[in-house]
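Have the sequence and the picture open, and follow along.

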Amino acid sequence: MIVEFGHFALILALLVAVAQVVIPAIGAHLKDERMMRVADPAAVSQLFLIAIAFFALTHAYVTSDFSVLNVAENSHSTKPLIYKLAGVWGNHEGSMLLWVLILALFGAAVALFGNNLPLTLKARVLSVQASIAVAFLLFSLLTSNPFTRLDPAPPDGRGLNPILQDPALAFHPPFLYMGYVGFSIAFSFAIAALIEGRIDAAWARWVRPWTLAAWMFLTIGIAMGSWWAYYELGWGGWWFWDPVENASFMPWLAGTALLHSALVMEKREALKIWTVLLAILTFSLSLMGTFIVRSGVLTSVHSFAVDPARGVFILAILVLFTGGGLALFALRSKDMQAGGLFQPISREGSLVLNNLLLVTGAATVLVGTLYPMALEGLTGEKISVGPPFFNMTFGPLMIPLLVALPIGPMLAWKRGDFAGAMQRLAFAFGAALVALVAVFAAEYRGPWLAPFGIALGVYVMAGAIVEWANRVKFGSAKSDEIIRRARNLPRSAYGTLLAHFGIGMLVVGIVATSAYREEHIQAMKPGEQITVNGYDVTFVGLERARGPNYVEDIADFNVKRGGETVARLTPSKRLYDAPPQTTTESGILAAWRGDLYLVIGDPQPNGGYAVRAYFNPLVRFIWLGALIMFIGGGISLSDRRLRVGAPSRSRQPIAVPAE
Amino acid sequence: MTRKQKRGVLIGGGVATLCVALVLVLFALKDSIVFFHTPSDIVEKGVPPGQRIRLGGLVEHGSVVRGEGTTITFKVTDTLRDIPVTFTGVLPDLFKEGQGVVAEGMLDGEGRFKADSVLAKHDENYMPREVANALEAKGVKLGAGAHPGQVKAGMP
């Protein structure tokens, strides 16, 4: 009954969304206030209805109602509650329901908190937002209905893929979708602006918080996925340039570019048309990601051709919104007033460089992701494009970006002082040089490029610190003056500093762990010992235990360092009941300087076990860096000048000291 | 700088970056992509030893031998031909006799395949895309002796 209720609510949500597309759009055209005001309650009730549908499906999962096809196929009665909940979005139909839920959530948030928006713009934004909802609600109802019943109901379900039964992965999709789908707001604003035919700095001020929120969640979502892959897949790797990963990484790159170009637009009224285009492209890449992951084109081009309903539907949505958006852009953008130009050496100039490199980087990732599919579709030739491709193309593009990153914020708007910026960054250059020499001295046998990579990361981190020191006049002012300045520094400035610092950490972590990882693969019998980067690891023995829904072979390792026991690690292999599948659980000893990472493999004929042991230096920096970026985004978002509901103040009368 | 010059720098910078990216992509596509072959392809097309390829097929029943230390040998078959593979390391969870597999590495001079990685995928239904397509093209019935789920490759 509750299930039918949910299904019904989803259909109602579709009808509400249709109304939300049509009525406010006509209202905005006719300048009819009453019609425009329909958008707000429509957006809120759309969210309410989809939430009911989502709740109904969740209820079916929690109560293990196997008369629902979706639950029977993806859940099992013995599964722990948290994975029953996570199971709701651990499958195609449920995850599409989560998609539309988050879409509606963002739409309702604009309706509720966008009080300072001009009425017509708001009506148009919500109308466009609802048109996306209509497309995806239709998709859900017509091709991926989560509420389909099964008769007769099976006694138990088939279970959730054990590898997905993990806390990090349980929350990875919601965060990822908050990011992906959040960019829909930027898209809706862009389309609304094109329809209005008018765009100004205020537009950027409205769009930026939404983009920032989406960016934050996408950042942490990607990081969670990477972390999960690291400890759950048992390969010690954290990024594989897998198409599924690329699908989320491309919108991240474009979204990062959008954040920065919107900044130029807000402060200088420049790059207006470009920013609108970027907003369209960013969401298009999100849709492209949804297509890649959800259409089945990845697993097999063949299966895509056999059951094309879903794939073709998403492809149609992708073409409609991307093509429609770009066509509208082509038609209307020339009527828009172009923004001002600026000197190449200036804050604007550096942000243009940022945009250029990020967007080009996203394009290379796109080529690497789509090329194998296109080639197979056209010639039947099968290839794989792996990490070497991305290291050769994406990597070199990021180097100038990272070099320019600390310099940009040091340049003034309009006309920057390059020599002065260099001078102020002396400390950062010094720190990088020290790091370079130190790494070379410690690891002179390693790849010769790696110390430069680490130095680059250190330079970015130091650059963020220098910028802070510079802004609070650290070193030149008295201490109470410094404290006063540090307090007065806007939160958005702290957000930027943290995000840039996080990028530096990320780079250090990536380079260190890629270049200096230590790997041992060995057959070990109980009592035997190996040495991994100063850790003496002894295999004590192996024990079989029973978990809630699996049998587990737990290996026991005693880890000593300098003669003292520092940890006992218990990597294991699990055999799940439903579906019967083994997973590898790693044993990790985390430390600042790096992770000791143990995995057990198959039993050997002589009673031993294959053991993989890694030392991954500074690998925590990767996720810590991403976490700091996330926090930086949050702090920036809490800045009252950026706050969505904050009244827009007139230009601040504070004179900028001439430098 | 005049307005024209400023615009010139912008456009020039954009074009230059795109050109660099294009050159990088073309070079990378030439050097760093890996072709996929089935055992029959290797025999028919005469893949030279030392070239990096991906070999895909089913793990032949009864062919897995765990040797000294962590070295493992097995045969990859597309039911028409088979190629012996040696691999040193820990096999992925989903590696099983009769199941689909993709190994990356190169042939030595004697027709043996030295793999440095064996593909692991985190999906019980997962039949590596290339394997499913290649086997179907050769008329092999999928799922013989394998997990029934894998026939449904591609259905999330």
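## Chain B at a glance

Chain B has three helices and seven strands. Here helices are DSSP runs of H or I with at least four residues, strands are DSSP runs of E with at least two, and both are numbered from the N terminus. Starting from the N terminus, the elements of chain B go α-β-α-β-β-β-β-β-β-α.

Of the 156 residues in chain B, 35% are buried. Buried means that 20 or more other C-beta atoms lie within 10 Å of a residue's own; with 12 or fewer the residue is exposed, in between it is partly exposed, and the C-beta atoms are placed from the backbone. Take the contacts in chain B with a separation of 6 or more: 53% of them come from residues 24 or more positions apart. A contact here is a pair of residues whose C-beta atoms, placed from the backbone, lie within 7 Å.

## How to read the model

This is a predicted model, where local features need pLDDT of at least 70 and side-chain atom pairs count only at pLDDT 80 or more, while totals for chains, interfaces and linings use all residues. Residues are numbered from 1 along each chain as its sequence is written, and chains are lettered from A and ligands numbered from 1 in the order in which they are written.

## Helices around α7 in chain A

Now for chain A. Helix α3(A) (residues 39-62) and helix α7(A) (residues 119-143) have axes that come within 10 Å and cross at roughly 30 degrees. That angle is why α3(A) counts as roughly parallel to α7(A). The axes are lines fitted to C-alpha atoms, for helices over the stretch in contact, and angles between N-to-C directions run from 0 to 180 degrees. Under 35 degrees counts as roughly parallel, over 145 as roughly antiparallel, 65 to 115 as roughly perpendicular, and the rest as oblique.

The crossing of α3(A) with α7(A) is left-handed, the term for a near helix turned anticlockwise from the far one by less than a right angle (clockwise would be right-handed). On the α3(A) side, the contact is made by A:A39, A:A43 and A:Q46, and on the α7(A) side by A:K122, A:A123, A:L126, A:S127 and A:A133. Five of these residues are nonpolar, two polar and one charged. For the labels, Ala, Val, Leu, Ile, Met, Phe, Trp, Tyr, Cys and Pro count as nonpolar, Asp, Glu, Lys and Arg as charged, and the others, Gly among them, as polar.

Helix α1(A) (residues 2-30) also meets α7(A): the axes come within 8 Å and cross at roughly 150 degrees. That makes α1(A) roughly antiparallel to α7(A). This crossing is left-handed too, and the contact of α1(A) with α7(A) has 18 nonpolar residues, six polar and one charged.

## A run of hairpins

Strands of a sheet pair through backbone hydrogen bonds, either parallel or antiparallel. Two strands pair if DSSP finds at least two bridges between them. In chain A, β3(A) (residues 529-532) and β4(A) (residues 535-546) are antiparallel, with four bridges. Here A:V532 has A:Y535 as its bridge partner. Two residues sit between the strands of this hairpin, and A:N533 takes a positive phi near 45 degrees.

Where does β5(A) (residues 550-561) pair next? Five bridges join β5(A) to β7(A), again running antiparallel. Strand β7(A) (residues 572-576) is mostly covered, with four of its five residues buried. A:K573 of β7(A) is the bridge partner of A:D553, and A:K573 also stands opposite A:T584 in β8(A). Four bridges pair β7(A) with β8(A) (residues 582-585) in the antiparallel sense, and the hairpin joining them has five residues.

Three bridges link β9(A) and β10(A), and A:I588 stands opposite A:Y597 in β10(A).

Between β10 (594-603) and β11 (609-617) of chain A is a loop that holds A:N606.

Terms used. Contact = placed C-beta atoms within 7 Å.
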